[in-house]
Amino acid sequence: MNDLEGEVYDLIRTIQDPEKPETLEELEVVYENGVRVDQFNKETHLVHIEFTPTVPHCSLATLIGLCMRVKLRENLSFKHKLDIMIKKGTHSSEDEVNKQINDKERIAAAMENPNLQQLVNNCIEERDY
């Protein structure tokens, strides 16, 4: 894992699961080999994150993707383009979820909802572990 991948992983591993008291790392939703950072162009990197929901029908997979997106947007030290995907074969609606968590218009609309915004902020808030 290179330094940029380590930076990404360190940010997403501490995100709190929306339903459980554990972090995404503790639940093995995110894992080091699920993070890849490649050069996109001269100034920008492509950050690819693969994650595995806790169950194949996880109704909060889109929310987990949204939490990762918001935390990285607010905290990454380098210019990036973000691609977040559910690990192939681990969710019953993976294509639809992948589409939702990578659609800029849907993300913007979701973050206009104050209740959803509060839920995301609670999940990404740094805690002492």
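**Notes on the predicted model**

1. In helix 2, the buried residues are A61, L63, I64, G65, L66, C67, M68, R69, V70, K71 and L72, where buried means under 20% relative accessible area, exposed over 50% and partly exposed in between, with a 1.4 Å probe and protein chains only. Helix 2 is thus described as mostly covered, with 11 of its 15 residues buried. Helices (H or I, at least four residues) and strands (E, at least two) are DSSP runs, numbered from the N terminus.

2. This is a predicted model, in which local features need pLDDT of at least 70 and side-chain atom pairs count only at pLDDT 80 or more, while totals for chains, interfaces and linings use all residues. Residues are numbered from 1 along each chain as its sequence is written, and side-chain values use heavy atoms, with hydrogens and water left out.

3. The length of helix 2 (residues 61–75) agrees with expectation, because 15 residues at 1.5 Å a residue should span 21 Å and its end C-alpha atoms are 21 Å apart; the expected span is 1.5 Å times one less than the number of residues.

4. What do the buried residues of helix 2 pack against? Their partners are helix 1 (3–12), strand 2 (45–51), strand 3 (80–86), helix 3 (94–101), helix 4 (104–110) and helix 5 (114–124), with contact meaning heavy atoms within 4.5 Å.

5. The axes of helix 2 and helix 3 come within 9 Å and cross at roughly 30°, axes being lines fitted to C-alpha atoms, for helices over the stretch in contact, and angles running from 0 to 180 degrees between N-to-C directions. That makes helix 2 roughly parallel to helix 3, since angles under 35 degrees count as roughly parallel. The contact is made by A61, T62, G65, L66 and R69 of helix 2 together with V97, Q100 and I101 of helix 3.

6. The 3 strands form an open sheet in the order 1-2-3, with mixed pairing, where two strands pair if DSSP finds at least two bridges between them. Strand 1 (35–39) and strand 3 are the edge strands, each pairing on one side only, and the twist averages 15° from one strand to the next.

7. Strand 1 and strand 2 run antiparallel and are joined by 5 bridges; D38 has L46 in strand 2 as its bridge partner, and a hairpin of 5 residues connects the two strands. Strand 2 and strand 3, by contrast, pair in the parallel sense over 7 bridges, and here E50 has M85 in strand 3 as its bridge partner.

8. Two helices pack on this sheet. Helix 1 touches strand 1 and strand 2, with its direction at about 140° to that of strand 1, whereas helix 2 touches strand 2 and strand 3, with its direction at about 160° to that of strand 3.

9. E32 lies in the loop between helix 1 and strand 1 and is partly exposed, with a relative accessible area of 47%. Leaving out residues up to four places away in sequence, E32 touches M1 and Y9; the C-alpha atoms of E32 and T52, which are 20 residues apart along the chain, are separated by 12 Å.

Note on methods
Parallel < 35°, antiparallel > 145°, perpendicular 65-115°, else oblique.
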